[in-house]
Amino acid sequence: MTKSRKILGWSALAVAVMVLWALAPAWTAALPAAKGEPVAKSRKDLTPRPEGWSPVDELKAEEMAREPHPYVEKVLMEDLPLRQQRLRKLGLGPKDMKRSYMLLDSGFVDTYEAKYEPVRFMHAKHAAALGGDCASCHHYRPADPAAPETVACRSCHQEAFSAKDPRRIGLKAAYHMQCMNCHEKMKKGPVSCEGCHAKRPVDHKDLVRLPENPTPQQVTMECLRCHKQAGEDMLTTAHWLWRGPSPYTVEHRKSVMSGKGTTTLNNFCLSVISNEKRCTSCHAGYGWKDKTFDFSKQENMDCLVCHDTTGSYRKAPPAAGMPDPKVDMVYVAKNVGPTSRQTCGVCHFSGGGGDAVKHADMSSQLNWPDRNCDVHMGGYDFQCTECHKTRNHKISGRSTSVPVAEGSRACEDCHTSSPHYGDSLLDHHLNKHCETVACNTCHSPIYSKCAATKTWWDWSTAGDKERKPRKDKYGKPDYNWMKGDFRWKEASKPTYEWYNGFMERRLLGDAIDPEARGFRPGELLTPEQKAAMVVTDITRPVGSLDDPHSKITPFKIMAGIQPADAKNRYLLVPHLFPYDKEDASAFWKGTDWQAAFKEGMAKAGLPYSGEYMWVATNMYWRIEHEVMPKEHALSCVQCHDSLKGDKTCDRCHQDSRNAKFRELTEKGADFELLRMMGRDVGGLIGKSDYVDFKKLGYKGDPILYGGRFTKLPLGRGPDGR
């Protein structure tokens, strides 16, 4: 900040400075220098890889992929049907696999070019999909009687041409012929290059031509010089428009205008409308400060926010999506590449006004997570697009918080509907559970295990600049004069509901719950009185016990208090962030709710009666990330209290033979171990009714009372008969 600015009167700048500091502590570093004074550029990586961090499962797979294998010169020429029968008689199947996941990477494949990344190969999944028929892939075995029945592909297939055996194809051809032929025959799996491989990035250092200090728009136009189609594609995407189709929102399935930029409301930041200049810090564009923003201008697209690989790109928080003046735009543009956890996380980890605020299962911890925090990202170094496949800049996946969907993604897309690939008694029952229980119900038994998330946001208390915030046991503030009271929770047990993939939503102008009775300005309620208020659900999952398409699904409930029109009985849109230093209607400038509601509702195009009240609201956020390793999934006994006693699996099965029933039922999440690892799970140790079956509509534990569609219950009932 220059000397001339420092001597300006405090009375003129006090509120503005307080707003900037409260919104983003780093904002002062982004303030431009005085006119004519050059801004020092920074190439500092803001999310550097921590020393010692490593995705242990992926590193192990990389090591195994490069292990040398002796060449098998002679193979046993056995007709495939005979080989299949012999392997079945030997009992060879998925249980004998030493590696459930492999990386198909070899110098034999990349002999002449390296355009694509190695293939992630789920060995166990493929074996299960083939019904345990190992011979389908391992079609021959070494002729040596002492050799194992199955060997790695590169034991037989190596060089593209072998003078010793010119009839044997090389490894690259073997992979492609075997994989693609099978995918085409079974009509399952990808057959394109990008379907199996990720493309390696192109070095842009010598391709990008920019002046020394380009404008953001000049950078975009340079990108579009080569990527014209990408610009055309981007024009119709949800990340650009913040609106789009909502096929999974009941009563709005044909809508194409719903989105957080139009009709969507929430109970954390409330609404984008009239607050665009602040909210669009997470927009993939430049300059969206009000409704006049022109979505047809491709030069205002922000390519770097998604494709930066340097870690040095950032936006200036209250500047309508413009980059921080300190960003070295030429340096970033010359080092663009695929998206990453870090680029996606800039917005998605910090949505709702801060790190880990709104999402139950996403925070900056996922930039470089521990394996126990998320096995996919921490164990296998998954980037977001490994699951959220992108076509023409439209990204598969959907949130329960916003209606826009450009394609659906589910665990089953990779793991199939029978993801427990063994043939044991436990595998059988777990696969049956998949018809009724969502994967993350068991595999994410706690959410926000790595960083506390906000679970309560009370806007009614905002405006008290004299109140001093206090830190809770997680080091999180309990209050902010601009936003009100907060509550935070780490390693929390989810709420479980039936969910069939569809959501109910209250959009802009929809009536609140008819039974809701809010409290007026000046009325002071105790926390207990607020907790007893009738709740209006802004989002709620659709599903029921009787619906065969519904599954028991884990959710975080974001609860709180927010404003509603006392006469029109719909939720209000407040104007929070000032348009400029002259704007006195913004609540964060004048702390006047009446002025904020009047301005916000005018921008929203809905009447404001002049009377407001505070109402209780909930939002259901489905838990999809922070998947724990399988050894930390819930055990049978943690949900089924009936298995805690003398009777376990032998309630139905006549004898145990070689199965240790007690071991099967109790093998799972160890909350005592998680507590020792620093997780706040003391209240979950020893719990055996993790899922409240009565709340879900059952008479009690389904083992005793029968499942949803059971015609002939097995075993003894609760009365012993």
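Predicted model: local features only at pLDDT ≥ 70, side-chain atom pairs only at ≥ 80, totals over all residues.

1. Cys 450 counts as buried, because its relative accessibility is 15%, under the 20% cut-off.

2. The sulfur atom of Cys 450 lies 2.0 Å from that of Cys 373, and the two residues form a disulfide. Cys 373 is located in the loop between α16 (341-348) and α17 (375-380), while Cys 450 is located in the loop between α20 (439-443) and β7 (453-458), so the pair ties together parts that are 77 residues apart in sequence. A disulfide is a covalent bond between the sulfur atoms of two cysteines.

3. Cys 137 takes part in no disulfide; the nearest cysteine sulfur, belonging to Cys 182, is 6.3 Å away. The cut-off for a disulfide is 2.5 Å. With 37% relative accessibility, Cys 137 counts as partly exposed.

4. Cys 434 is likewise in no disulfide, and the nearest cysteine sulfur, that of Cys 439, lies at 5.4 Å. Cys 434 has 12% relative accessibility and so counts as buried.

5. How many cavities of 30 Å³ or more does a search of the whole structure find? The search finds 3.

6. The lining of the largest cavity includes Arg 398, Ser 399 and Thr 400, together with Val 402, Pro 403, Val 404 and Ala 405. Tyr 248, Tyr 499, Gly 501, Met 503 and Arg 505 also line this cavity. Sorted by class, its lining has 7 nonpolar, 3 polar and 2 charged residues.

7. Which residues line the second largest cavity? They are Gln 84, Leu 87, Arg 88 and Leu 92, along with Gly 132, Asp 133, Cys 134 and Ala 135. By class, this lining has 4 nonpolar, 2 polar and 2 charged residues.

Key. Residues numbered from 1 in each chain as written. Heavy atoms only, no water. 1 Å grid on protein atoms, 1.4 Å probe; cavity = no way out; pocket = protein on both sides within 12 Å on 5 of 7 lines; lining within 4 Å. Points joined across faces, edges and corners; volume = space filled by probe spheres on them. Nonpolar A, V, L, I, M, F, W, Y, C, P; charged D, E, K, R; others polar. Helix = DSSP H or I, 4+ residues; strand = E, 2+ residues; numbered from the N terminus. Buried < 20%, exposed > 50% of the residue type's maximum accessible area, 1.4 Å probe, protein only.
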